[in-house]
Amino acid sequence: MKNYLKLTLLALFATAFAFTSCDKDDETTTAPAEPTLYERLGGAEMVDDPANQGQMIEAGRLALRGVVDSSIFVIAGDTALQPYFGTLLGEVGSGDLSGFSALSKNLTDFFAAAAGSENFTYSGLNMVDAHDPSKNSRMAMAADDAAFDAFIADVVVGANQNNVPDDILGEVGALIESLRGDVVQK
Amino acid sequence: MNKKYLLRGLAVLGGILGLFVITLGVHIYMVTRPNDQHHMNWQLSRIDFEEQPDSLTASLAVKTLKGIEGVKHVYLNQKAGTLVYGFETGKLDAQMVFEEFKTKGDFKAKPYIPLASNLSNGCPVIDKTSLTYRLGVFFQNLFS
């Protein structure tokens, strides 16, 4: 019985030592991870959703959704982008999902995933196929650089309405700009 | 006999307590889970000015539109002469909003009505056969 007790104690000390050693190694060799864009926007911390009383929403998603929603309003008023986003202004019945609701969710999911969210994923088409009229019948025509520039300008206007700091806006802009090669197909 | 009734009573109480705990758990989950359905029933519409409005007209138009009950958000593109607004489907429609807008101010403007071709292919991310879209419609109908 005494032998079992000694063996158990020995095993406990050995395990504790091993974990302590691992901790030290981690501290000395692993640099602290750079916070993602999503984390800097508030991350996964749950906050009250100002648009939906009694509901909680991740702070990072709330920030991105604000920019997306404002940008969609700007895009809807931009006649240069009308051919690409006509569905936004099509009136639907009460049993149907409006273009605004669908686009808001889809774009917010996309930006949240791209910014580093762990709880939201984008399940739509990849950017190349989504913007290829031969593969996506909902793409009216291939986008050109002018349309993409107009889209970025509208997002900047939307972001400014939400007082997004310049450094964050720069990163969001860079994120969108990185998609130019996939989106512009004319 | 009394013991039997006592046990039955405790079982019933336990069942009720269990249901309460489950209900509370579901409620907490529904309230705190990552969720984003706040504007599933939002509709966007636009009013186009016949010519670019001056700043006074633009300001008055925005104020007038914002003053219509049920209109949630307004964005003016003064250069393009477009006024975009959001409202809740089922409570208002674009025609009602426009008529009230015209009644409250003598604006030289008309409602924008997209062409059928725009509606059939006007947005690359909305695939009406997708699971996301169908789930969205399901939740909208559930809570409307």
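1. Helices (H or I, at least four residues) and strands (E, at least two) are DSSP runs, numbered from the N terminus. On that basis chain B comes to five helices and four strands, and along the sequence these follow the pattern α-β-α-β-β-α-β-α-α.

2. This is a predicted model, in which local features need pLDDT of at least 70 and side-chain atom pairs count only at pLDDT 80 or more, while totals for chains, interfaces and linings use all residues. Residues are numbered from 1 along each chain as its sequence is written, chains are lettered from A and ligands numbered from 1 in the order in which they are written, and side-chain values use heavy atoms, with hydrogens and water left out.

3. Of the 144 residues of chain B, 37% count as buried, where buried means under 20% relative accessible area, exposed over 50%, and partly exposed in between (1.4 Å probe, protein chains only). Among the contacts of chain B (heavy atoms within 4.5 Å) between residues at least 6 apart in sequence, 58% join residues at least 24 apart.

4. The largest nonpolar core has 47 residues, and those touching the most other members are A:Leu81, A:Phe85, A:Leu88, A:Ile176 and B:Leu44; such a core is a set of buried Ala, Val, Leu, Ile, Met, Phe, Trp, Tyr and Cys residues joined through side-chain atoms within 4.5 Å. Two or more residues each come from helix H2 (37–40), H3, H4, H6 and H7 of chain A and from strand S1 (42–49) of chain B, with H3(A) giving the most, eight residues. Another core, of 18 residues, lies apart from it and includes B:Phe49, B:Val62, B:Leu65 and B:Ile68.

5. A:Asn163 is found in the loop between H6 and H7 of chain A, and its phi is near 55°, a positive value in a residue other than glycine. Most residues other than glycine have a negative phi. A:Asn163 counts as exposed because its relative accessibility is 68%.
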